[in-house]
Amino acid sequence: MSIHPSEEFLASADRSVLLLRRCEACGTTAPPDVDICPRCRSARLGWAESAGRGRLISWTVAHPKPPASVRILAVAELAEGPWWWADLEGVEVDELREGLEVVVGWRDVKGIGRVPILSAY
Amino acid sequence: MSARRDLAAPHRGVIAGSALSEVGRVEGTADQFAITAVARALEDAGLGLGDVDGLIVSSGSTGGVSTDLALRLGLRDLKLLTHMQAFGATATQMVQYAVLAVDSGIADTVVCVWADDPLTARKHGIYGAGVRPSGPWRAIHAATGAVGANEMYAIAARRHMMRFGTTSSQLGAIAVAQREWAGLNPDAQKREPITLDDHAASRPVCEPLRLLDCCLISNGGAALVVTSAARAHDGPGRPIDVLGWGQSHPGAYLQRNDDFGLVSGAAASGAAAFEMAGLQPGGIDIVELYDCYTFTVLLTLEDYGFCGKGEGGDFVSSGILGPSGSLALNTGGGQLSGSYLWGMTPLIEALTQLRGAAGERQVSRRDTALVSGNGGVLGHHATLVLAGADS
């Protein structure tokens, strides 16, 4: 029995599946990190698997101090509606454009487990 | 229906005094900066610690100020005491709550204080608990890379650029103008003039934001004193009335926000404050906007109605900014060139200007001021419309 919804989210991430919230009262698909439906205020939220595809809304190319390398942080609108904010890997800087198709990728992080990021289509 | 207050009532809350501690690349700890700022603000108001019966504190990045400050200051039997945290919107909010407290009579004299010591923490390797929200979801987002103010504001700026054609050079006009004001401010951290070419040549931090688009890092503290108009009338300085206020918290951080980077909380909090004050942007003499990034200023100017939505780029590069322009904006250099004291930077500068204490950078028309507070990643917004309380 999990004590926090993030545990179910991470258990699904371990299987490379991004979980979103689905409101049982109104059918809205919401991001995973809400406990109340943002549309109808119901607390009856279940889980729904994302198809793992989206389109770029915006991004930045971040230049940290050396020796850390350049990274791209992006936000993508998933096909289901919610936005996912994460590092974007596998895309060249000159390929970046609004609306670019991307997919949900996976990263294993020490102390947390597998987490969803964004990746080239 | 806008908020209402009786601006003729002698018991109403007004700002009676304000002050900074030493600020910038100075040695010290947050609680010590806070104590200095409180002492100076009370002196500015012509009052003493014995008059204080309310205290609102807020911490900067290192979490170095808490309600324990009351113990440090020897304050007993306070009628109001709390720690607040809405990041850059806190200072503006503190004034709102302190004025409401005095209006209602829960306390007579409320001190508001903020301080931070990021340079000290960095130098001595002290990592305080800090004030960033925590919890499992924040940890997951951080693990995916969805963290970093520079990154998030850059994402917002790019969205505005893609939608409206705003350019980096237009952001540069803000940086150049504020540096000119800082040249007139002996306490500013960066005073040497810069040009648009300097801005364009400054290193990319998180594209499209460059180094000269980003605010400073500063040690220091700031405080202000709110008391009744009747009491402030006998004090040494010009009391300041709050004519209007508002708050807006869009509430979509790391979620879906169709307005992200295009419209901020300033639109709603500004509209509420202007309506309550019965003023429009054209009626404001002194404009002090939260400027963690040049982009934040541009977006806020649009949202407050100084120009149309999407027209901020043309507006700021029209020559209207800077000491020789017609819009007195961020007159101490702001957070970009003055010092970064979160929401206290624009607030204290507004009070200094309204009081006629701004020295070489003093704006001649100084009856009304507008102050913005912006916290998180465009997530928390609060506005004040201030005026000399000449009655």
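Is Asp367(B) buried, partly exposed or exposed? At 46% relative accessibility, Asp367(B) counts as partly exposed. The legends below describe close-up views of a predicted model, and this residue returns in the fourth view.

**View 1. The contact between chain A and chain B.** Chain A contributes 35 residues to the contact, and chain B contributes 28 residues. Together the two chains bury about 2800 Å², of which 63% lies on carbon and sulfur atoms. Within the area that chain A buries against chain B, Asp33(A), Trp83(A) and Trp85(A) account for 26%, more than any other three residues. Across this interface there are 17 residue pairs in polar contact. The side of chain A that touches chain B draws at least two residues from each of α1 (5–14), β4 (53–62), β5 (71–78), β6 (83–89), β7 (101–109) and β8 (113–120) of chain A. The element that gives the most to this side is β4(A), with 6 residues. By residue class, the side of chain A that touches chain B comprises 22 nonpolar, 6 polar and 7 charged residues.

**View 2. Salt bridges across the interface.** The interface of chain A and chain B contains 2 salt bridges. In one salt bridge, the side chain of Arg71(A) meets that of Glu151(B), with an N to O distance of 3.0 Å. These two residues also belong to a network of salt bridges that links Arg71(A), Asp87(A), Glu89(A), Arg107(A) and Glu151(B). Side chains of opposite charge can pair when their charged atoms come close.

**View 3. Arg5(B) and Asp103(B).** Over all chains, the structure holds 20 salt bridges. One salt bridge joins Arg5(B) to Asp103(B), whose closest N and O atoms are 2.6 Å apart. The partners come from distant parts of the chain, 98 residues apart: Arg5(B) belongs to the segment before β1 (13–20) of chain B, and Asp103(B) to helix α3 (residues 90–104) of chain B. With a relative accessible area of 17%, Arg5(B) is buried.

**View 4. Asp367(B) and Arg238(B).** A salt bridge with an N to O distance of 3.1 Å brings together the side chains of Asp367(B) and Arg238(B). Asp367(B) is found in the loop between α14 (344–354) and β10 (368–375) of chain B, and Arg238(B) in the loop between α9 (229–233) and β8 (240–248) of chain B, so the pair ties together parts that are 129 residues apart in sequence. Asp367(B) is partly exposed, whereas Arg238(B) is buried, at 18% relative accessible area.

**View 5. Glu349(B) and Arg361(B).** Glu349(B) and Arg361(B) form a salt bridge in which the closest N and O atoms are 2.8 Å apart. Because Glu349(B) lies in helix α14 of chain B and Arg361(B) in the loop between α14 and β10 of chain B, the pair ties together parts that are 12 residues apart in sequence. Both Glu349(B) and Arg361(B) are buried.

**View 6. Cysteines of chain A.** Cys23(A) is buried at 2% relative accessibility, and Cys37(A) is buried with a relative accessible area of 1%.

Note on methods. Residues are numbered from 1 along each chain as its sequence is written. Chains are lettered from A and ligands numbered from 1 in the order in which they are written. This is a predicted model: local features need pLDDT of at least 70, side-chain atom pairs count only at pLDDT 80 or more; totals for chains, interfaces and linings use all residues. Side-chain values use heavy atoms; hydrogens and water are left out. Buried means under 20% relative accessible area, exposed over 50%, partly exposed in between (1.4 Å probe, protein chains only). Contact means heavy atoms within 4.5 Å. Buried area is the accessible area (1.4 Å probe) that two parts lose on being put together, summed over both. A salt bridge is a side-chain nitrogen of Lys or Arg within 4 Å of a carboxyl oxygen of Asp or Glu. A polar contact is a pair of N or O atoms within 3.5 Å; within protein, one must be able to donate a hydrogen and the other to accept it, and residues adjacent in sequence count only if both atoms are side-chain atoms. Helices (H or I, at least four residues) and strands (E, at least two) are DSSP runs, numbered from the N terminus. Ala, Val, Leu, Ile, Met, Phe, Trp, Tyr, Cys and Pro count as nonpolar, Asp, Glu, Lys and Arg as charged, and the others, Gly among them, as polar.
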